[in-house]
Amino acid sequence: MNAAMTPRLCLIENDEIMGESLADRFRLEGFAVDWHRSAGAARKALSEHSYTVAISDIRLPDESGDALFRKLLELKITLPPFVFITGYGTIDSAVQLVKLGAADYVTKPFDLDQLVEKVRALSSSRPSGETRFGVSPDMRAVAEALPRLARHASTILINGESGSGKEHVAQELHRLAFPDGDRPFIAVNCGGFTETLLETELFGHEKGAFTGAVRTRRGVFEQAHDGTLFLDEIGDMPLTMQVKLLRAVQERQIVRVGGEKPIAVDFRLILATHRDLKKLVEQGVFREDLYYRINVIHLRIPPLRERRDDILWLARQFVQACVRSHPGEPRTLHPLTEQALLDYPWPGNVRELKHTMERACILSRKTLVMPEVCFDDSVNPQKSDAAISGNLGEYLRACERRYILQALEQQQWRLGHTAESLGISRKNLWEKMRKLDIQAPDGTPQ
């Protein structure tokens, strides 16, 4: 294997037996392995070198793995996907790390073959972890399924509400299937055209086929040759066009409008819809034969309101993206803003959240982004079902817990510094942490 193409693994493990076993296995699997026995050595290496994936134990001799990860995030360097090794007693810490952006974690004792497969999948993703879709169980399951699906050319149908991220998933499938980046990804919204225009968009036309056809034009089927064709909102396609689509998908050839010669095409097909195609078949507005032809692999993308764990994770990702674009304008979400984001039902899903965060970063005059710059007067997040489902005490407890957690993270869990920043005594902070069920990660300074 060419050295430039060899994936490089950063292994952070102080246990000699475990470290040697992992290093030997991954070298046999074709990885170059840099084995570091301490967090300090790993931090220096990650600051100076580029790695494909990092595997770190949470328990390390000089500081914990989660403290290491938080410090690396503060350095604002490009990090590889991180997989943490955790025992039963540190699972909560691992879950928090995933929420901060770590790729995944495994619990001892773990299956080494499964860890190898997980690392192989991550080694084909972007080094900064940007390909992840969220930290909720549903979206983690989607992310884990994509590398396996990308190895096969089966037709994939993605179902989800508008703005939930269907095209993002399709783009990631394409990237995993064609990692060299030299194949076309062609997307078209089938609900955005009249029937006549849609036929031309899909199949192209010959010169002189109709008034205004002054030159020959290739349709998206031809443009996607040897790449990926993504047909969005397939449920909105007229019946007559469904017949032509079925023929093109089955025969892998098309005829341009005004043409006679069949043109062979080869492509990966991904389709998406926000509608229930099975019900449309029962209503007679979607062809049954086409339904069964495209419903080979089905992926469901839940709406954002069904995966609340993703709301703050995504919001922070969008805020960080804005800060990277405007380094002189740091932005952080206030705990009350985070609660407002959690309370809002997000009918526009991830797309609405992204636009909300961009607008808030621009309009906020302070580093701390407050709720009023996220929502205009016509939107009151407090009126959502999520906001009125509990009593006032539960709401205030959640706000206080989130505020203290944010202060602890900003102070690297140094209790004395955190208490001082909050204007309370160290003893008072300990009492609040116990009352609010906040546990300091193992190995953090006290």
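Visitor: What makes β7 and strand β10 a pair?

Guide: In this predicted model, β7 and strand β10 (residues 227–232) are joined in the parallel sense over five bridges.

Visitor: Which residues of strand β7 lie on the covered face, and which on the uncovered one?

Guide: Strand β7 spans residues 185–189; I186 and V188 form the covered face, while F185, A187 and N189 form the uncovered one.

Visitor: Why are β7 and β14 called edge strands?

Guide: The open sheet has five strands in the order β7-β10-β13-β6-β14, with parallel pairing. β7 and β14 (297–301) each pair on one side only, and they are the edge strands. From one strand to the next, the twist averages 20°.

Visitor: How do you know that strand β6 and β14 are paired?

Guide: Strand β6 (residues 156–160) runs parallel to β14 and is joined to it by five bridges. The requirement is at least two bridges, so β6 and β14 count as a pair. G160 stands opposite I301 in β14.

Visitor: What packs on the sheet, touching β6, β13 and β14?

Guide: Helix α6 (residues 137–150) does, and its direction makes about 150° with that of β14. Helix α7 (residues 166–177) lies across β6, β7, β10, β13 and β14, running at about 155° to β6.

Visitor: Why is the pair R8 and D34 called a salt bridge?

Guide: The closest N and O atoms of R8 and D34 are 2.7 Å apart. The cut-off is 4 Å between a side-chain nitrogen of Lys or Arg and a carboxyl oxygen of Asp or Glu, so this pair qualifies. R8 belongs to strand β1 (residues 8–12) and D34 to strand β2 (residues 32–36), so the pair, 26 residues apart, links distant parts of the chain. The structure holds 25 salt bridges.

Visitor: Why does R8 count as partly exposed?

Guide: R8 has 29% relative accessibility. Partly exposed lies between the buried limit, under 20%, and the exposed limit, over 50%, so R8 falls in that class.

Visitor: How do you know that D66 and R70 form a salt bridge, and are these residues buried or exposed?

Guide: The closest N and O atoms of D66 and R70 are 3.8 Å apart, and this is within the 4 Å cut-off, so the pair is a salt bridge. Because D66 and R70 are four residues apart in helix α3 (residues 65–75), about one helical turn separates them. D66 has a relative accessible area of 1% and R70 has 10% relative accessibility; buried means under 20%, so both residues are buried.

Visitor: What makes α18 roughly perpendicular to α19?

Guide: Helix α18 (residues 415–422) and α19 pack at an angle of about 95°, with their axes 9 Å apart. Angles of 65 to 115 degrees count as roughly perpendicular, so the term applies to α18 and α19. The contact is made by L415, G416, T418, A419 and L422 of α18 and by R426, L429, W430 and M433 of α19. These residues divide into six nonpolar, two polar and one charged.

Visitor: Why does R426 count as partly exposed?

Guide: R426, found in helix α19 (residues 426–435), has 38% relative accessibility. This value lies between 20% and 50%, so R426 counts as partly exposed. R426 and L415 are 11 residues apart in sequence and 6.6 Å apart in space, C-alpha to C-alpha.

Notes. Residues are numbered from 1 along each chain as its sequence is written. This is a predicted model: local features need pLDDT of at least 70, side-chain atom pairs count only at pLDDT 80 or more; totals for chains, interfaces and linings use all residues. Side-chain values use heavy atoms; hydrogens and water are left out. Buried means under 20% relative accessible area, exposed over 50%, partly exposed in between (1.4 Å probe, protein chains only). Axes are lines fitted to C-alpha atoms, for helices over the stretch in contact, and angles run from 0 to 180 degrees between N-to-C directions. Angles under 35 degrees count as roughly parallel, over 145 as roughly antiparallel, 65 to 115 as roughly perpendicular and the rest as oblique. Contact means heavy atoms within 4.5 Å. Ala, Val, Leu, Ile, Met, Phe, Trp, Tyr, Cys and Pro count as nonpolar, Asp, Glu, Lys and Arg as charged, and the others, Gly among them, as polar.
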